[in-house]
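Today I'm looking up aromatic rings and what they pair with.

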Amino acid sequence: MSKLSANVTNRSKSAIDTRTLVCTAMLCAVAYAVMYASKTIFSFMAVGGFLKFDLKDVIIAIGGFLFGPLNVLAVSTIVSVIEMITVSSTGPWGLLMNIISTCTFLCPAAYLYKKNRSFQWAALGLVIGGVFMTGSMMLWNYLVTPIYQGMPRAAIADMLLPVFLPFNLTKALMNGSLTMLLYKPVVVALRKAHLVPESNSSGTGKKANTLAISLVAVFLAATAVFLGLVLAKVI
C-alpha cells in the first residue's frame, strides 16, 4: 500500500508540475502578445518621449497569484529577453529595467497572496507592490536611464518627480486595477481547461467582497487611463 501511495503521489506531483509548465509557457506567450499590443495601441501615450505604458504585468500578476513569486521572476525574465531580441531598442539595460520594474511590483504582491489567498489580500499586495515599485524605480531610473537614453544624469534627475514618479504610479494603478478585474475570469477559464486545481472557497460574503473590489477596480482603471493621457499631454 505504501508503494502504491508513493506512486500515486509521484504521478500527482508530475501532473501538477506539467500543468505549471504549460501554464507558465502560456503566460509567457500571452504576456509578450499583450506587451506588443499595448505598446502599439498606447504608442501615442509616450511620456517624456520614451516612457511607454505596458500592460504585460497584468498577465504576469495572474501567474504570480497562481504559482508564487518565482513564477513572476521566471515569466518576467523570459518575456523581457524575448522583447529585447525582437522589438526593444534599449538592449540589456532595458531588459534589466523591465525585470526590476515587474519584480519589485509583483513579487511582493504574489508573496502576500500566497500567505493569505483572498481577493482583499491580492488587492493589498498590488497596492504595496505598486508603492514599492514606484519608489525603487526612482533610484534605478536615476542610475540606468542616462546610460541607454544617452541623456545627462542631471536631466534625468530633473525628470524624477515630474515625470518618472507619476508615470510609474499610473502604470502600477493601470496594471493593478486590470489584474483585479481579469484575475477571476482567467482563473475560471484555466480551471475549466484543468490547468489549475479547483478552488474550495465559496460563499456570498466573498462574492460580495469580490464585486465591491471589482467595481473599485473599474473606477481605478478608468482613472489610470485618464492619468496616462494627461501625462502624455494628449488631453
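Is phenylalanine 167 buried or exposed? I get 4% relative accessibility for phenylalanine 167, so it counts as buried (under 20% relative accessible area; exposed is over 50%, partly exposed in between, with a 1.4 Å probe and protein chains only).

Ground rules before I go on. This is a predicted model: local features need pLDDT of at least 70, side-chain atom pairs count only at pLDDT 80 or more, and totals for chains, interfaces and linings use all residues. Residues are numbered from 1 along each chain as its sequence is written, and side-chain values use heavy atoms, with hydrogens and water left out.

I searched the whole structure for aromatic pairs and got 5. Rings of Phe, Tyr and Trp (its six-membered ring) pair if their centres lie within 6.5 Å; planes under 30 degrees apart are stacked, over 60 edge-to-face, the rest tilted.

One of them is phenylalanine 53 with phenylalanine 167: tilted, 4.8 Å centre to centre, 40 degrees between the planes. This pair links distant parts of the chain, 114 residues apart: phenylalanine 53 is in the loop between helix H1 (2–41) and helix H2 (56–67), phenylalanine 167 in helix H6 (residues 153–192). Helices here are DSSP runs (H or I, at least four residues), numbered from the N terminus. Phenylalanine 53 is buried too, at a relative accessible area of 0%.

Next I checked phenylalanine 65 and tyrosine 113, a tilted pair at 4.8 Å centre to centre and 50 degrees between the planes. Phenylalanine 65 sits in helix H2 and tyrosine 113 in helix H4 (residues 91–115), 48 residues apart. Both are buried. Ring pairs also bring in Tyr183, making a cluster of Phe65, Tyr113 and Tyr183.

How values were computed
Helix = DSSP H or I, 4+ residues; strand = E, 2+ residues; numbered from the N terminus.
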